[in-house]
Amino acid sequence: MKSCQSRIYGAEFSQQEIAEAVRDGRLLSIEMEFNKSCNFRCLYCYASDSAVNRNEMSRPEFLDLINQARELGARKIIVLGGEPMLYPPIIEMVQYIRGMDMDVELFTNGTNITREMARTLYGLGVRVVLKMNTFEEKIQDMLSGRKGAHAQIHEAFNNLKLAGYPSADRFMGISTVVCQQNIDELPKMWEWLRDQNIAPYFEMITPQGGAKEHNMLEVDSRQIEELFHRISRIDRKKYGRTWDPKPPLVGGECLRHQFSCAVNSEGFVQPCVGVTIPIGNVRKQRLKDILRESEVVQDLKNYIETIKGPCSECERLSECYGCRGAAYQMTGDYLASDPLCWKNLDKRDDIMFLPVDAGQLVPHKQPMLLIDRLLEIRERASLSEMIVRADMIFVGKDGMLDDAAYPEIISQAIAAQEGFRKLGSRNPRQEGFLLGIKNLELPGSACVGDTLRISVFKVAKYGDFGIIQGEVRNGDTLIARGEVKIWQGESKAAA
């Protein structure tokens with residue numbers, strides 16, 4: 001018996017290589033999007049807009065990004081889209097990457113995969129992953145949002161086969177989303193691919209983009225569990241491959257945040273296409289610095305200590321943390337337990353969803369507690385909300401919020417942000433102190449009944465000390481802005 005080595009992310013890297021990449025802050029692979037343009041309108045696509053983006057990076061910018069990825073240790077570039085075969089200089093990019101001694105794994109819907117292009121890709125040693133969701137023409141065209149999609153995909157499939165794919169040194173995969181329309185035929189499709197030595201990339205849909213708008217695609221988690229176990233039995237009995245079923249990938253796991261990241265065509269860096277938190281832009285900062293300074297990235301690399309809820313107690317935690325994209329899209333928290341994992345079906349009440357009552361996150365109690373809810377978590381930033389109440393300690397007899405309240409509001413907002421990051425982790429308790437205020441501007445005011453939104457951003461951190469920029473808005477009107485200096489450390493009660 002042999003273990004399955006057909007995972008989408010990281011199968012070619014050993015556990016030691018991944019551990020060393022985490023330790024040294026290096027990459028093993030990177031997902032890159034050269035273009036947003038696509039001729040399909042897939043119902044489940046994570047991209048909200050497939051139109052041509054006028055702010056896409058230039059070829060020199062992409063080449064520099066490739067160089068930066070190589071300097072960070074990347075051995076493979078996964079090319080996503082949009083549809084990469086609609087990007088005019090795609091072959092030039094592939095040649096450059098291969099010339100840097102890196103693998104290219106290209107995801108495509110089959111556009112422009114002529115016989116000649118298939119031979120070109122084969123000659124360049126490109127790992128091709130063709131998107132194919134079903135044998136049925138009507139279903140494929142419907143899922144792709146384009147009549148003729150089925151025919152195009154199968155023409156590309158045949159051209160790739162004629163070019164020699166797959167072979168001992170020319171990898172080919174089929175990317176398939178699991179949805180209500182195709183779930184019954186997936187075991188048969190799995191065997192059809194295995195019999196041809198084509199890697200099946202079967203994956204649960206991340207609830208984002210188009211998938212959120214089309215509920216008809218949804219599959220019950222128990223059905224998903226049954227499918228995963230059925231295919232696992234097929235793989236074990238017929239192909240001698242053994243693996244433990246777990247979401248979101250059939251036959252594998254996704255731990256990509258340990259050694260990878262995603263960069264879109266505008267240069268924005270994200271942990272992956274599912275965790276849609278921009279952590280920086282390569283047009284403004286080196287990729288190495290973006291990854292090193294990102295709290296989101298560091299939290300994900302340190303997931304054993306930081307992950308929350310039922311997943312933190314799972315016996316498979318060392319090799320699986322569910323789908324971080326599903327967790328983020330459904331809860332607003334990239335460290336939450338995966339709500340789509342069948343192991344968590346009876347534990348949904350133990351998974352926290354944003355927005356969250358600030359009283360659970362900050363040490364302040366009435367009457368000093370000012371903010372009401374934490375709404376959003378971003379990279380070193382967050383958005384909170386409060387309603388000005390007559391019984392608040394900073395509200396005068398005239399019903400107006402005193403100017404002295406604003407530094408405290410900003411400091412409580414950052415306390416809520418940090419408290420949420422720690423909530424449910426192994427060291428959840430923190431203490432904090434407001435140490436100073438700088439450049440405080442008060443261009444507006446607030447009174448009883450007003451709903452205020454507080455945006456905070458951690459500009460810098462020096463050990464336990466931090467510099468926080470904060471803004472308070474009353475509706476669309478900016479009423480306070482400034483910097484506060486704080487100290488935050490672990491509570492003695494947590495020791």
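Biologist: In which loop is Asn197 found?

Modeller: This is a predicted model, in which local features need pLDDT of at least 70, side-chain atom pairs count only at pLDDT 80 or more, and totals for chains, interfaces and linings use all residues. Residues are numbered from 1 along each chain as its sequence is written, and side-chain values use heavy atoms, with hydrogens and water left out. Helices (H or I, at least four residues) and strands (E, at least two) are DSSP runs, numbered from the N terminus. Asn197 lies in the loop between helix H7 (186-194) and strand E7 (199-204).

Biologist: Is Asn197 buried or exposed?

Modeller: Buried means under 20% relative accessible area, exposed over 50%, and partly exposed in between (1.4 Å probe, protein chains only). Asn197 has a relative accessible area of 66%, so it is exposed.

Biologist: How is a backbone angle judged?

Modeller: Most residues other than glycine have a negative phi, and most peptide bonds are trans. Asn197, although not a glycine, has a positive phi of about 60°. Asn112 is also a residue other than glycine with a positive phi, near 60°. Its place is in the loop between strand E4 (103-108) and helix H4 (115-123).

Biologist: At what angle do H2 and H3 pack?

Modeller: Two packed helices are described by the angle between their axes and the distance between the axes. Axes are lines fitted to C-alpha atoms, for helices over the stretch in contact, and angles run from 0 to 180 degrees between N-to-C directions. Helix H2 (residues 59-71) and helix H3 (residues 90-99) pack at about 25°, their axes 11 Å apart. H2 is therefore roughly parallel to H3; angles under 35 degrees count as roughly parallel, over 145 as roughly antiparallel, 65 to 115 as roughly perpendicular and the rest as oblique.

Biologist: Which residues make the contact?

Modeller: Contact means heavy atoms within 4.5 Å. H2 contributes Arg59, Phe62, Leu63, Ile66 and Asn67, and H3 contributes Glu92, Met93, Tyr96 and Ile97.
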